[in-house]
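Please read the following report alongside the sequence and the structure, taking one part of the fold at a time.

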Amino acid sequence: MKKISIIFITLTLLFTVTIQGQNKKYEGEESSYQNKDFYEVQTFGHKFKSKRPKNVILMIGDGMGVAHVFAGSTANRGELYLNNFKHVGFSRTQSANRYVTDSGAGGTAIATGHKANNSSVGVDAEGNAVPSIMAVAKKNKLATGIVVTTSLLDATPADFVSHQPSRKMMPEIAADFVDAGPDLFIGGGIEHFRNREDGRNLLDELREKGYQVFDTITEVEKVKEGKLAGFLKEGRISQRGDQLERTTAVALDILDDHKKGFFLMVEQSEIDGGGHDNDMQYTVEEMLDFDKTIGKVLEFAEKDGRTLVIVTADHETGGLTLVGGDVETGEVRGRFSTGGHTGNMVPVFAYGPGAEFFTGIDENTSFFNKLVKVLRLKQ
Ligand code: MG
Ligand code: ZN
């Protein structure tokens with residue numbers, strides 16, 4: 001009898017410790033950030049030169065939920081370039097087979113208008129290759145571009161150019177990049193273009209197709225026209241600095257020359273990383289880096305007058321809750337509830353001609369159809 005009691009008590013204790021351990025991991029710890037690098041935010045006008053856009057710049061903050069946006073806002077003492085947007089809505093992010101999506105399925109829905117299974121890129125739930133808004137834009141003679149802060153072969157950019165059952169198929173996705181042929185792309189992942197098991201050197205193939213191929217930001221910044229494949233550092237803002245702002249400026253400079261208009265996708269890939277790491281510094285710095293890039297894009301769009309800018313996310317990461325902060329001092333404290341993604345709705349911000357279509361609550365698949373309509377594209 002004594003033995004059984006001891007076993008029972010031990011099991012109860014073990015069980016309690018395990019439960020508390022789980023709670024401690026995601027409910028007990030707080031992560032804080034004190035901003036020291038504040039920036040001034042400009043206000044932009046809302047008078048445009050046309051009712052329909054000629055150009056579209058779609059900006060995706062990977063993992064950016066409402067709390068991530070407001071953490072950035074708090075850290076920059078209440079100011080964000082995002083505050084300029086007057087058309088705001090929400091996007092539902094559920095995938096074809098999961099309540100909680102990954103970037104593969106989330107980005108595929110945005111890019112193609114089809115719900116997809118988690119982990120897949122550019123294919124619908126049955127595995128059929130489906131054209132992305134970028135492919136449709138190209139077919140309609142618009143110029144196209146992709147700028148990201150992580151590998152070009154990551155799920156989000158892959159969703160716009162590739163059709164593979166798994167986001168892990170990096171060599172195949174790299175080959176799809178060459179086939180899809182966006183006019184420019186800037187990001188990481190050069191290794192899958194040159195050190196390949198199939199013996200192909202995709203960098204040479206790109207050069208043969210007329211691309212200027214570079215692997216430093218100084219060289220990339222010298223390009224003013226033509227096709228460009230720019231391979232740069234990936235990862236956190238602490239290592240890559242103001243790269244996204246600079247590469248986006250290069251992309252706009254090149255694409256702007258195109259008479260028929262352009263479609264550009266810009267991804268701030270690493271807000272997601274901050275969420276996965278449950279790290280407020282990481283999250284907020286990536287968020288503010290994204291916002292500064294949004295500022296550059298708005299500057300272009302205001303001046304151009306025919307450019308629609310959409311800012312959204314593929315999903316929320318980290319289940320972030322803001323538990324404290326100070327808008328006067330730029331301090332913000334958060335608590336994460338998971339190391340993964342969540343099923344939360346994500347924000348949608350739109351500026352420019354056609355922005356009024358991107359309000360309310362809608363499925364993530366709606367971006368494709370609205371963009372086809374607003375740009376009057378033939379499919
Ligand atoms: Mg991504
Ligand atoms: Zn993620």
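## A walk through the predicted model

Leaving aside the neighbours within four places in sequence, Gln239 is in contact with Lys233 and Glu234. The model described here is a predicted one. Gln239 belongs to helix α10, which covers residues 237–240, and with a relative accessibility of 48% this residue counts as partly exposed, because that class lies between buried, under 20%, and exposed, over 50%. Between Gln239 and Ala143 there are 96 residues of separation in sequence, and their C-alpha atoms lie 31 Å apart in space.

Strands of a sheet pair through backbone hydrogen bonds, and they may do so in a parallel or an antiparallel way. In the case of β3 (residues 87–92) and β15, the two strands run parallel and are joined by four bridges, and Phe90 has Ile361 in β15 as its bridge partner.

A pair of helices comes next. Two packed helices are described by the angle between their axes and by the distance between the axes. Helix α11 (residues 243–255) and helix α13 (residues 280–304) have axes that come within 9 Å and cross at roughly 25 degrees, which makes α11 roughly parallel to α13, since angles under 35 degrees are counted in this way. The crossing of these two helices is right-handed. The residues that meet are listed by helix below.

| Helix | Residues in the contact |
|---|---|
| α11 | Leu244, Glu245, Thr248, Leu252 |
| α13 | Asp289, Phe290, Lys292, Thr293, Lys296, Val297, Phe300 |

Is helix α14, which spans residues 366–374, largely enclosed by the rest of the structure or left open? Seven of its nine residues are buried, so helix α14 is largely enclosed by the rest of the structure. The buried residues of α14 are Ser366, Phe367, Phe368, Lys370, Leu371, Val372 and Val374. Just after α14 comes Arg376, which takes a positive phi of about 55 degrees.

Terms used
Residues are numbered from 1 along each chain as its sequence is written. Chains are lettered from A and ligands numbered from 1 in the order in which they are written. This is a predicted model: local features need pLDDT of at least 70, side-chain atom pairs count only at pLDDT 80 or more; totals for chains, interfaces and linings use all residues. Side-chain values use heavy atoms; hydrogens and water are left out. Two strands pair if DSSP finds at least two bridges between them. Axes are lines fitted to C-alpha atoms, for helices over the stretch in contact, and angles run from 0 to 180 degrees between N-to-C directions. Angles under 35 degrees count as roughly parallel, over 145 as roughly antiparallel, 65 to 115 as roughly perpendicular and the rest as oblique. A crossing is left-handed if the near helix is turned anticlockwise from the far one by less than a right angle, and right-handed if clockwise. Contact means heavy atoms within 4.5 Å. Buried means under 20% relative accessible area, exposed over 50%, partly exposed in between (1.4 Å probe, protein chains only).
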